[in-house]
Amino acid sequence: MTLSLNRRRLFRPRDESAGQNRVTFVELFFDLIFVFAVTQLSHTIVEHLSIRGLVEAAVLLVAVWWVWMYTAWATNWLDPETGAVRLMLIVLMLLGLVLSTSIPGAFGDRALGFAVAYVVMQVGRTAFLAWCYRAVDRSNALNITRITIWFLASAPLWLLGAVLGGDAQLALWAAAILLETVGPSVRYYTPILGASPTSSWSVSGGHIAERSGLFIILALGESVLVTGTAFSRGDISAPAVGGVLAAFVGTILFWLLYFSHDAEHGSRFIRSSELSGPIARLTYVYLHIPIVAGVVLSAVGDELVLAHPEDQLSPGGLVVVVGAPVLYLIGNLLFKRSVGRPWLISHLVGVAALVAVYAATVTVLPPLSGLALLWISISIVALVVVADEVSARRDGSSRPDGKPEADTATT
């Protein structure tokens with residue numbers, strides 16, 4: 001009985017209106033590891049800028065996002081201010097440090113370190129959460145047990161891939177990521193145990209929205225670090241200053257596109273919904289992946305341009321510089337639609353314009369420097385930001401309370 005009562009105290013109160021589900025300082029402390037992970041990812045892409053390198057980076061990016069997001073969901077239910085949960089986060093930080101330091105050699109001599117750290121983080125944290133839930137809610141304990149089984153099913157793919165290396169490693173790790181990303185969509189169906197009912201996926205929507213927004217800020221902060229580091233190491237010249245300004249303006253525009261209106265709107269939308277779990281799964285798990293990928297690739301593009309602003313980009317560099325805002329716009333478009341905004345023509349036109357710039361650059365336009373192409377891409381994003389601002393104000397003025405209208409689209 002005493003053990004059961006102690007486990008009950010590990011959970012957060014569920015009264016969101018009382019501010020008891022705020023993001024805690026220990027959660028922010030935990031996030032520091034992922035600042036390093038994002039930095040490692042961007043540097044790894046720069047050093048392996050090829051089709052295979054981008055595919056490998058995509059696998060690592062989803063893995064990093066997956067382990068962070070599942071931990072964010074765990075602390076949505078568990079109280080990080082309690083000793084046991086705080087200890088869990090500290091242990092995860094240590095494992096996350098191993099994971100992050102292994103990223104540059106994840107498809108080389110540090111593959112096993114990455115795989116072991118990842119598997120232990122995912123299985124250990126989820127099993128601990130299932131154990132905690134057994135004292136509170138047997139139904140949710142069963143749900144988390146299903147998730148643990150799915151992580152155990154993917155574990156051999158991670159470990160075997162790390163041992164085999166080469167093409168087999170890439171294939172097995174891609175299969176592991178695919179298996180794990182399919183899990184939520186099929187409600188973690190498990191033989192004998194069945195599938196988890198979506199009605200039981202209750203989360204604190206405001207907490208999930210805030211945590212996701214903080215991860216976007218971490219990723220954007222990495223862009224600032226790249227810009228400052230590259231500029232401090234190079235010569236001060238007009239092209240270098242132009243590159244710094246382009247990178248800085250691009251970061252501001254990315255921030256405005258996500259945070260100016262829609263981060264708060266998304267938080268209100270999920271807090272007011274009775275289906276917070278399914279919305280969180282779609283909006284803040286899946287649809288944030290292209291947003292995060294766009295930010296990471298943007299940092300890579302900034303680093304490539306700042307290194308040689310007047311040079312023409314390689315084919316891979318061209319894909320990165322133009323592809324980063326394309327991914328970011330697509331992610332924002334889907335995110336905004338999922339929280340009740342209409343399909344935004346400005347975002348679709350922006351994506352089409354960027355694709356057209358890429359096509360023209362590789363076919364009919366004279367060779368452009370990386371700096372020129374970066375400014376062209378940023379200018380297109382700037383126009384989308386202006387159009388989005390006009391659209392958001394128009395939507396807001398259509399209601400007496402000034403809040404954008406919300407519907408249940410794509411939930």
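Biologist: Is glutamate 27 buried or exposed?

Modeller: This is a predicted model, where local features need pLDDT of at least 70, side-chain atom pairs count only at pLDDT 80 or more, and totals for chains, interfaces and linings use all residues. Residues are numbered from 1 along each chain as its sequence is written, and side-chain values use heavy atoms, with hydrogens and water left out. Buried means under 20% relative accessible area, exposed over 50%, and partly exposed in between, using a 1.4 Å probe and protein chains only. Because glutamate 27 has a relative accessible area of 1%, glutamate 27 is buried.

Biologist: Which side chain meets glutamate 27 in a salt bridge?

Modeller: Side chains of opposite charge can pair when their charged atoms come close. A salt bridge here is a side-chain nitrogen of Lys or Arg within 4 Å of a carboxyl oxygen of Asp or Glu. For glutamate 27 the N to O distance is 3.3 Å, and the partner is arginine 211.

Biologist: How many residues apart are glutamate 27 and arginine 211?

Modeller: Helices are DSSP runs of H or I with at least four residues, numbered from the N terminus. The salt bridge between glutamate 27 and arginine 211 links distant parts of the chain, with glutamate 27 in helix H2 (residues 25–47) and arginine 211 in helix H8 (residues 205–233). The two are apart by 184 residues.

Biologist: How does arginine 211 count, as buried or exposed?

Modeller: The cut-off for buried is under 20% relative accessible area. Arginine 211 has 1% relative accessibility, so arginine 211 counts as buried.

Biologist: What is the relative accessible area of arginine 86?

Modeller: Arginine 86 forms a salt bridge with glutamate 81, their closest N and O atoms being 2.8 Å apart. Glutamate 81 counts as partly exposed at 38% relative accessibility. Arginine 86 is partly exposed too, with a value of 35%.

Biologist: Which helix supplies the largest share of the nonpolar patch?

Modeller: Patches are made of residues with over 30% relative accessible area and no salt bridge, with like charges joined within 9 Å and nonpolar side chains (Val, Leu, Ile, Met, Phe, Trp, Tyr) within 5 Å. This surface patch includes Leu112 and Val163, and its residues together have about 580 Å² of accessible area, computed by the Shrake-Rupley method with a 1.4 Å probe, where only the protein chains shown count as cover for residues. Helix H5 (111–133) and helix H6 (138–164) each supply at least two residues. The largest share, 4 residues, comes from H6.
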